[in-house]
Each structure stands twice: as structure tokens, then as C-alpha cells.
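The tour below goes from one selection to the next.

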Amino acid sequence: MTPVTGDGRTATSAGLSATACRAARARNWAAVGACARDILKLNRKDPEGWFLAGLAEKGSGRPRKAVDAFTRALALDSDRYDAAIELACSTEGSAAVVD
């Protein structure tokens, strides 16, 4: 049986998340993306995996893919304020002005 952390995630995904956070601080977007893919291989519905995928896409200069990933993270967990903030910042200035 795989150990489960206090937030219901497996120890494996929690370790991958910690590795991704260190990689993000170092701006190593390829490593962040690799961790995100590994988390999503374990569970396609893990909002952390989608959030990290969004960070990797944003850091790699792919804003549309970042928005898609942040949107998916927020859809899976509406309490992910970090995904909401990233989504708001990613779409800032792209809204059409209505008279």
C-alpha cells in the first residue's frame, strides 16, 4: 500500500511536488514539467500536477497552454488560490473592452 500524506496525496506525488517547487525556484522549467507529467501519470485528476504543468508552460513561454493547465487545476480544486492567481495574471489584459 502506498503511504498517503495528510492532504490525501500519495507520498510519491508529494515528493515530486517538492522537487518541482525546488526546480521552479531555480527556474528549471523542464524539471518542473517533468515532475508535473510524473504526477499526472499517477493521477490525471491531481490539481497539483496541472498547476505545476501550468507553471512549466508559463515559464517556457507558452501562455495558452499555461492558461489551460491552470484552468484545469482550478476546476479540479476550487480552493487552489495559487492557480486562480496565476490564471488571473495570465489572462490580465486579454479581456475585450465592452462599451
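A crossing is left-handed if the near helix is turned anticlockwise from the far one by less than a right angle, and right-handed if clockwise. Helices here are DSSP runs (H or I, at least four residues), numbered from the N terminus. This is a predicted model, where local features need pLDDT of at least 70, side-chain atom pairs count only at pLDDT 80 or more, and totals for chains, interfaces and linings use all residues. Residues are numbered from 1 along each chain as its sequence is written, and side-chain values use heavy atoms, with hydrogens and water left out.

Select residues 63–76, helix α4, and residues 81–91, helix α5. α4 passes α5 in a left-handed crossing. Show side chains: V67, F70, T71, A73 and L74 of α4 meet A83, A84, E86, L87, S90 and T91 of α5 (contact means heavy atoms within 4.5 Å).

Next, select G33, R37, A53, A56 and E57, the residues nearest the centre of the largest pocket, which has 13 lining residues. A pocket is an open set of points on a 1 Å grid over the protein atoms alone, where a 1.4 Å probe fits, with protein on both sides within 12 Å along at least five of seven lines; lining residues have an atom within 4 Å of a point. Now colour α2 (29–42) and α3 (47–59), each of which supplies at least two lining residues. α2 gives the most, six residues.

Finally, centre on E57, in helix α3. Is E57 buried or exposed? E57 counts as buried because its relative accessibility is 19% (buried means under 20% relative accessible area, exposed over 50%, partly exposed in between, with a 1.4 Å probe and protein chains only). Not counting residues up to four places away in sequence, E57 touches R62, K65 and A66.

Technical notes. Axes are lines fitted to C-alpha atoms, for helices over the stretch in contact, and angles run from 0 to 180 degrees between N-to-C directions.
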